Amino acid sequence: MKKEVIYALFPELMEIEDETLRAASVLAFQLAIEKGGWREDTVELVPVTVNWKMCKRNLINHIHDVTKTCIDNYENLHPLYAANGIAFDRDIIIAGALLHDIGKFLEFTLEDGKPVLNKEASLMRHPLSGALLAAQAALPEKIVHLIAMHSFEGDQSKQSAESAFVRSIDDFVFKCTVFGIH
């Protein structure tokens, strides 16, 4: 998928100030979408989940919701964190929010025009496949870690400040999405 299409799907990429991180994030999206077999005309069919039929948002909507909420909360809370000596990297938060669910492009596929779980999803859920994609795109370890730890896979693992931040917002937004609150 062309870079221009990725930027059109995810305009929040322009919020990432580090050009190398931004370029690697675009590459990660390209790898995920292409490896998952999605095309420009089908990518908006990727679901957040197929487990709850009442979920009305697709994955792209969910990524926007999480990213925008992370940016807004970072901007509001950064002065408080900074005053207490807690360091958060804004670019890591934005890239992590954008990429936290890239493994879902591999987790789902189309069958008879409807999204279903891919057979390979039973072997590796999206946090792990997404972390592998992020590593393949040469993203920093903090992003790979954030993607791998953003769901219950991270329950017993160390969380960075950025991964805990994105994880908590993703969990809230996901629950709102699944239960129809948005």
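Keep in mind that the model is predicted: local features need pLDDT of at least 70, side-chain atom pairs count only at pLDDT 80 or more, and totals for chains, interfaces and linings use all residues. Residues are numbered from 1 along each chain as its sequence is written, and side-chain values use heavy atoms, with hydrogens and water left out.

**The annotated domain**

UniProt, in an unreviewed entry, puts the feature "domain: HD" at residues 83–171. UniProt positions follow the numbering used here, feature names are shortened, and annotations may be inferred rather than shown by experiment. Over that stretch the chain is 52% helix and 9% strand, with the end C-alpha atoms 26 Å apart. Helices (H or I, at least four residues) and strands (E, at least two) are DSSP runs, numbered from the N terminus.

Strands β1 (residues 108–111) and β2 (residues 114–117) pair in the antiparallel sense over four bridges; strands count as paired if DSSP finds at least two bridges between them. Leu110 has Pro115 in β2 as its bridge partner. Two residues sit between the strands of this hairpin, and Asp112 takes a positive phi near 55 degrees.

**Salt bridges**

Side chains of opposite charge can pair when their charged atoms come close. With a salt bridge taken as a side-chain nitrogen of Lys or Arg within 4 Å of a carboxyl oxygen of Asp or Glu, the count comes to six. Here are three of them:

| Pair | Closest N to O |
|---|---|
| Glu75 and Arg90 | 2.7 Å |
| Lys104 and Asp101 | 3.9 Å |

How exposed are these partners? The scale is buried for under 20% relative accessible area, exposed for over 50%, and partly exposed in between (1.4 Å probe, protein chains only). Lys104 is buried at 5%, and Asp101 is buried at 2%. Glu162 is also buried, at 3%, while Lys142 is partly exposed at 41%. Glu162 lies in helix α8 and Lys142 in helix α7, so their pair ties together parts that are 20 residues apart in sequence. Salt bridges that share partners also join Glu15, Glu75 and Arg90 into one network.

Glu75 belongs to helix α3 (residues 59–83) and Arg90 to helix α4 (residues 90–99), 15 residues apart, and the pair links distant parts of the chain. Glu75 is partly exposed at 39%, whereas Arg90 counts as buried at 19%.

**Cysteines**

How many disulfides are there? With the rule of two cysteine sulfur atoms within 2.5 Å, the count is zero. Take Cys70: the closest cysteine sulfur, in Cys176, is 13 Å away, which is too far for a bond. Cys70 is buried at 0% relative accessibility, and Cys176 is buried at 13%.

**Gln159 in its loop**

Gln159 lies in the loop between α7 (141–149) and α8 (161–178) and is partly exposed, at 22% relative accessibility. Leaving aside residues up to four places away in sequence, Gln159 touches His145, Met149, Gly154, Ala164 and Arg167; contact means heavy atoms within 4.5 Å. Met149 is ten residues from Gln159 along the chain, and their C-alpha atoms are 7.3 Å apart. The Gln159 side chain reaches the backbone oxygen of Met149 at 3.3 Å.

How values were computed:
A polar contact is a pair of N or O atoms within 3.5 Å; within protein, one must be able to donate a hydrogen and the other to accept it, and residues adjacent in sequence count only if both atoms are side-chain atoms.
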